[in-house]
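I set out to record what I looked up in this structure, entry by entry. The entries follow the order in which I consulted the model.

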Amino acid sequence: MSSYSVTEPSARQKWFAGTLVVLYAVITILPLLWIIGTSFKSPSDAIAYPPKTFFQPTLEGYVNLFTTRTRVTEEQLKQMGEPTTWYDRLVRKDGLIIAGPSRFTERFYNSVIIGFGSTVLCIVLGTAAAYAFSRFKVPLKDDLLFFILSTRMMPPIAVAIPIFLMFRSLGLNDTHAGMILLYTAVNLSLSVWLLKGFIDEIPIEYEEAALIDGYTRFQAFYKVVLPQAATGIASTAIFCLIFAWNEYAFAVLLTSGTAQTAPPFIPTIIGVGGQDWPAVAAGATLFLVPVMVFTILLRKHLLRGITFGAVRK
Amino acid sequence: MLHSSIDRVAHATPPAVAQRIRGLSDRAIAWIFVAPSIVLLLAINIFPLIWTIRLSFTNFRVNRPNEPVQFVGLRNYLNILTDEDIWLTMQATAHFLIWTIVLQVLIGFSLAYLINKKFRGNDLWTTLIVLPMMLSPAVVGNFWTFLYQPQIGLFNYAVGFLTGADPSSFSMIGDTSLAPWAIIIVDTWMWTPFVMLICLAGLRSIPNSIYEAAECDRASNWRQFWTITIPMVLPFLMLAILFRGIENFKMFDLVVQLTGGGPGSITELTSINLKREAFEKWRTGYASAYAVILFVTVFGLASIYVKALNKVKQR
């Protein structure tokens, strides 16, 4: 007997399918590689024609991203003596000196604070609500769950006007606290729906056993359900973090000076005469690479996360 | 309805122990656990929504707080529904919505179908294909303006290389006939993996035994595809379309960074148009009415669609 199966694709089919998919993957990944590549180009290499695939790598883009620079004359440059650091040397080559740090570090830091702050809040509120929806008879349960989901359908711009007014009167405009609360509200629907799915999968018998052993409800929740749901909670947290990290519409409307995050900031990086593409690419690389790493780590739960738990593999 | 587990446990134990287990009643715990989330959503989603509805009947302007606010009835709504420019915006949104969905469904399904052939290393390549979807649309959209530059842009160079056209002879985001396609291309690049992942889950949910039975009945591959594969994947595909539809109806960040609604207002989708009315012209009352109309449209279309989806699922 041969191991012929009607459902197993033939070797030729596999080869054909594999070639097409690899071709698509290479094309689709090219713009991302181009961002990373451009961040290591010199400004003249970045705008060369034809576009350069091979080039002398330089850290100019990163230096320009983190600093502001001013132009000085030849004499001034001579008077200042030898540059003391490698980045000083790099900018003096173009007749510039470093005037100070740019605002990128602040913006990146804001993204981290707001991203992690809202994720923690989202997970705490979401786990509690998801547990209650999963295990108890909550009145109007289906309506409440649908209500939570429907908050996701609103275009951000549509609620931005009153949120702007509300935050202004509460003094929350352009603050970390305001943005953390806002992003928590935005991601809460995701967190409740995903976590409810994960908690539903934990057999209820574990808790019943714990209750018979004399645990209270809270103890059963802490010591039995939470450890069982750890993987689910972790992947939900990463999803909340990524969505908060990527958010742009609210950030651009409600923040300007102190609490602005990186997404509205990166496109505004401007060099001498037009956009400084290596610096923009450097900012984008530092901003996007962590998400790429998380996506690869999350790949098993990806489908579930992006469909709010509607599709589980 | 699931029987509350605590009741089951309580029934099965002596009264004294049951009392101790109960402590706080389930009902109390349920409310303590659910209330904070509901309160936050009411404060940050529902309260602003009600405020928007109230503002939509007035001529309030945020930048002129000292002017008396007048109640104008339905005038804002009438003005919007009879405004030619807003209908153009709606058309631009519809064009964007329809083409992104068509392309993403076609490419996404084909990719899923190919990946489901289980060639060696398919997991690795799937993960790579998925990457663009998770990235910040604003940051990526901004970088695409660089790829779209005439002459120095990678996209123009690649098109020139493949078709022989001069890379500096066309500008994807500067030309009124190309700009609508520029945003469709980037959105499709970004979100095809989303449709692909959902289709893949659909394909993997089909039991092999169905195909084996069809093979016994000597159904051709073509017939198997149309009578087994497509109907079984359809509910998944419809779910993917629902998600993409809602998301792209709200589309803001990617397109604002790519074209800013231009050239002229050719790619000015509803969210961008709304932002302009609300935060550049500061016509708060008018923009609020606009927001209400958009929200009712999304909600209405989504509800109708979900009904259709449930029918397909039941079949």
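**Entry 1. Chain A overall**

How many helices and how many strands does chain A have? I counted 16 helices and two strands in chain A. I note at the outset that this is a predicted model.

I then looked up the dimensions of chain A. Its C-alpha atoms fill a box of roughly 85 × 75 × 40 Å along the principal axes. The radius of gyration of chain A is 26 Å, whereas a compact globule of 313 residues would have one near 20 Å.

**Entry 2. Chain B overall**

I turned to chain B and found 14 helices and zero strands. Read along the sequence, the pattern of chain B is accordingly written as α-α-α-α-α-α-α-α-α-α-α-α-α-α. The radius of gyration of chain B is 26 Å, well over the 20 Å that the globule rule gives for 315 residues, so chain B is more spread out than a compact globule. I recorded the span of its C-alpha trace along the principal axes as about 85 × 75 × 35 Å.

**Entry 3. The contact between the chains**

How many residues does each chain bring to the contact? I found 84 residues from chain B and 88 residues from chain A. On the side of chain B that touches chain A, the largest share comes from helix H3 (residues 26-55) of chain B, with 16 residues.

**Entry 4. A helix pair across the chains**

I examined helix H1 (residues 11-39) of chain A against helix H6 (residues 122-130) of chain B. These two helices pack at an angle of about 30°, and their axes are 9 Å apart. That angle makes H1(A) roughly parallel to H6(B). The crossing of H1(A) and H6(B) is left-handed.

Which residues meet here? From H1(A) I listed Val21(A), Val22(A), Tyr24(A), Ala25(A), Thr28(A) and Ile29(A). From H6(B), I listed Trp125(B), Leu128(B) and Ile129(B). By class, the contact of H1(A) with H6(B) holds eight nonpolar residues, one polar residue and no charged residues.

**Entry 5. A helix pair within chain A**

I next looked up helix H12 (residues 230-246) and helix H15 (residues 277-298) of chain A, which pack at an angle of about 155° with their axes 11 Å apart. H12(A) and H15(A) are therefore roughly antiparallel to each other. Their crossing is left-handed.

On the H12(A) side I found Ser235(A), Ile238(A), Ile242(A) and Trp245(A), which meet Val291(A), Phe294(A) and Leu298(A) in H15(A). The class count for the contact of H12(A) with H15(A) is six nonpolar, one polar and no charged residues.

**Entry 6. A helix pair within chain B**

Within chain B I consulted helix H11 (residues 221-249) and helix H14 (residues 284-314). They pack at an angle of about 175°, with axes 10 Å apart. This makes H11(B) roughly antiparallel to H14(B).

H11(B) contributes Leu234(B), Pro235(B), Met238(B), Leu239(B), Leu242(B), Ile246(B) and Phe249(B) to the contact. H14(B) contributes Val298(B), Ala302(B), Tyr305(B), Leu309(B), Val312(B) and Lys313(B). I classed the residues of the contact of H11(B) with H14(B) as twelve nonpolar, no polar and one charged.

**Entry 7. Backbone geometry**

I kept a general point in mind: most residues other than glycine have a negative phi, and most peptide bonds are trans.

Is the peptide bond from Tyr49(A) to Pro50(A) cis or trans? I found it to be cis, with omega near -5°. Pro50(A) is in the loop between helix H2 (43-46) and helix H3 (60-66) of chain A.

In chain B, a cis peptide bond joins Gly262(B) and Pro263(B), with omega about -5°. I located Pro263(B) in the loop between helix H12 (253-258) and helix H13 (270-279) of chain B.

Finally, I noted that Lys118(B), although not a glycine, has a positive phi of about 55°. Lys118(B) is placed in the loop between helix H5 (84-115) and H6 of chain B.

How values were computed
Residues numbered from 1 in each chain as written. Chains lettered and ligands numbered in written order. Predicted model: local features only at pLDDT ≥ 70, side-chain atom pairs only at ≥ 80, totals over all residues. Axes fitted to C-alpha atoms, helices over the stretch in contact; angles between N-to-C directions. Helix = DSSP H or I, 4+ residues; strand = E, 2+ residues; numbered from the N terminus. Parallel < 35°, antiparallel > 145°, perpendicular 65-115°, else oblique. Left-handed = near helix turned anticlockwise from the far one by under 90°. Contact = placed C-beta atoms within 7 Å. Nonpolar A, V, L, I, M, F, W, Y, C, P; charged D, E, K, R; others polar. Rg over C-alpha atoms; globule rule 2.2 N^0.38 Å.
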